[in-house]
Amino acid sequence: MNKLKDILSPFTAWNNVIKDPVTVKDPVNDRPGSARYRGFHQNDIEKCIGCGACESICETGAIKMVPVEGVETKEGDSGLRPEVDYGRCCWCALCVDICSTGSLTMSNEYIWVDEDPEAFTFVPGIDKKPWDDNEKGWKRPEPDYELNIKERVKMPERSAEERENSFVEIVKGYSREQAIAEADRCIDCGLCQATCPAHMDIPDYIRSVREDNLEEGFQIMYKTNPLPEVCGRICTHKCEDVCAMGHRGEPIAIRWLKRYIADSVSEENYQQALQQENPQNKEKKVAIVGSGPTGLSAAYYLALMGYKVKIFESQPRAGGMMRYGIPEYRLPYDALDMDIDYILSLGVDIQYNTRVGKDITLEELHENYDSVLVGTGLHEGRSTRIPGTDHKHVYQAIELLREFSKGNEIPLSRKMVVIGGGNVAMDITRTLARLQNQKYGEVNITTTSLETEDIMPADQEEIDEAREEKVNLKPGWGPQKIVIENDQIKGLHVQRCLSVFDENGRFNPKFDENDTDFFEGDMVVEAIGQGMDISYISRNMRDGLDFTQRGRIVVNNYFQSKLEWLFMGGDIIQGPDVIHGIANGHKAARGIDKYLRGELKYGG
């Protein structure tokens, strides 16, 4: 019976002979795609950041990221744009659904006639098409439809009540489950790596977290950053500012994932995990002035190259501003020491309590070493120079932080005013607040800045946490004078700051003289910036160097000065930032190696 049905079934088509035909006269205009049809692609080129998520998710290989004329690579933008091959495309629209910025969409246009088969591969938004302005078609449904999780995994932290009179580290760190969940959010675009001053292999070490291969992640980090414990805590994490995930939700917690990897390897297992030894196969010696991030980074890479390295440090412990400028609740000393101890284990020597320019001269270092790297940091506080700043109870934040880090008692009063809006201002404010709480049982600190909160240079998390710790923040005010009566400070007179910079971007604050306030306090701390001390460079040496208009020493791409044996990097060249210092040290080490091999000239 079934065989007979199979034989007769083709003849059933003859039933259609008696039916009236249906003719569509103009299928292009009479049969438009539905409002949500998945047709040919559109891309908002200005909105697109070239993250490549569309290329990664395409199972048929229909999308390729390509450079296009008129689109330049810049911070947060790869400069590439997706090219679609409709010979491969299956119109699944996953590329639209995964798009980190929402720039990629699909029109409801589905008819495209062309005699050239190559025409069906094009770059949406660049190669103009009739459907570019088509408002109908497939766009990611909002707000509930997401292939990626918008919110980052919350970092466990101590509450304000727990931390307000304690210097125990605030951030507790991710658990294994939390770290893997956060790493799963990464779309592996690499924009973070391009932005990182050290160009760390961020997507790769995040992948190591996802795959639970932390020793591999540890090795990846050390290729470009020998201070992962430090950077996992206090890095300015500008990489997160360009994270593709940040366009529709919260950026990946790159800094915290770095910390998770670093914390997963115990100090005694560093050697086993990294499998590195100091070859000490070169006779030439390098002197480094300063054991901050630049000096330590350079020492690490030079030691691996086989050079004999000695660091000259003015303080009793290594770390520079990392130890003597950052409170322990942000960077515990044991975490800093883990990074430092491993670098020393490679044969690096440090001579402590030795100030270059006083205990030993730069000329002597030049005579005894084949090359010298200077990374002395910004250890000098800057004054507002307003009336009253010469009073004995007006202090510099950087000096107080340094003394407190050494374990020395620092000045304290019941009512204090801090001037400044950067991270140093937040650090001294929160340090003094804890000490006030311990001694007086309350916090009474007013911290004021020229900048309004939206443009304050301090990290937002520092600002938020300071408020939680009962600090009175007063942004947007300009200090005019410290009021003194009977040789006692009474407080700070301020005026409303209308603008900090002029139309040319130069520092030129303007004030409203009719809008004033008074912040009570019997002690004032200035934290408006840091300056460099290069008094150790003699006049004769200075004559052989080039200087910028701002007084910084001119160096080439390898941080080599005009005195070719002298390299300089870090804060005194690029400003205060740990990750920049680490990157400077790495590149300077390569430069020193080139110089000692006769391959590098200052102007070459």
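**View 1. The charged end of R434 sits over the ring of Y329, 3.9 Å from the ring centre.** A charge counts as sitting over a ring if NZ of Lys or CZ of Arg is within 6 Å of the ring centre and within 35 degrees of the ring normal. Before we go on, please note that this is a predicted model, in which local features need pLDDT of at least 70 and side-chain atom pairs count only at pLDDT 80 or more, while totals for chains, interfaces and linings use all residues. Residues are numbered from 1 along each chain as its sequence is written, and side-chain values use heavy atoms, with hydrogens and water left out. A further charge over a ring involves R36, which lies over the face of W138 at 4.1 Å from the ring centre.

**View 2. R434 also forms a salt bridge with E469.** The term salt bridge means a side-chain nitrogen of Lys or Arg within 4 Å of a carboxyl oxygen of Asp or Glu. Here the closest N and O atoms are 2.9 Å apart. R434 belongs to helix α18 (residues 423-440), while E469 is in the loop between α19 (460-468) and β15 (472-475), so the bridge ties together parts that are 35 residues apart in sequence. Helices (H or I, at least four residues) and strands (E, at least two) are DSSP runs, numbered from the N terminus. Are these two residues buried or exposed? R434 is buried at 1% relative accessibility, and E469 is buried with a relative accessible area of 1%. In these legends, buried means under 20% relative accessible area, exposed over 50%, and partly exposed in between (1.4 Å probe, protein chains only). Both residues belong to a network of salt bridges that links R163, R330, D427, R430, R434, E462, E465, E468 and E469.

**View 3. D212 and R176 form a salt bridge.** Their closest N and O atoms are 3.0 Å apart. This pair links distant parts of the chain, 36 residues apart: D212 is in the loop between α8 (202-210) and α9 (214-222), and R176 is in helix α6 (residues 176-183). D212 is partly exposed, at 35% relative accessible area, and R176 is partly exposed too, at 42%. How many salt bridges does a search of the whole structure find? The search finds 36.

**View 4. The side chains of K601 and E564 meet in a salt bridge.** The distance from N to O is 4.0 Å. K601 is exposed, with 52% relative accessible area, whereas E564 is partly exposed, with 24%.

**View 5. F40 and Y86 form an edge-to-face aromatic pair.** Rings of Phe, Tyr and Trp (its six-membered ring) pair if their centres lie within 6.5 Å; planes under 30 degrees apart count as stacked, over 60 as edge-to-face and the rest as tilted. For F40 and Y86, the centres are 5.2 Å apart and the angle between the planes is 80°. F40 is in the loop between α2 (27-30) and β1 (41-43), and Y86 is in the loop between β3 (80-85) and α4 (94-98), 46 residues apart. F40 is buried, at 6% relative accessible area, and Y86 is buried, at 9%. Both are part of one aromatic cluster with W91, W112, F120, F122 and W131. The structure holds 25 aromatic pairs.

**View 6. Y222 and Y342 form another edge-to-face pair.** Their ring centres are 5.7 Å apart, with the planes at 80°. Y222 lies in helix α9 and Y342 in helix α15 (residues 333-345), so the pair ties together parts that are 120 residues apart in sequence. Y222 and Y342 are buried.

**View 7. Strands β16, β17 and β18 make an open sheet in that order, with antiparallel pairing.** Two strands pair if DSSP finds at least two bridges between them. The edge strands, β16 (477-485) and β18 (507-520), each pair on one side only. Between β16 and strand β17 (residues 488-501) there are 8 bridges, and the bridge partner of W477 in β17 is R496.
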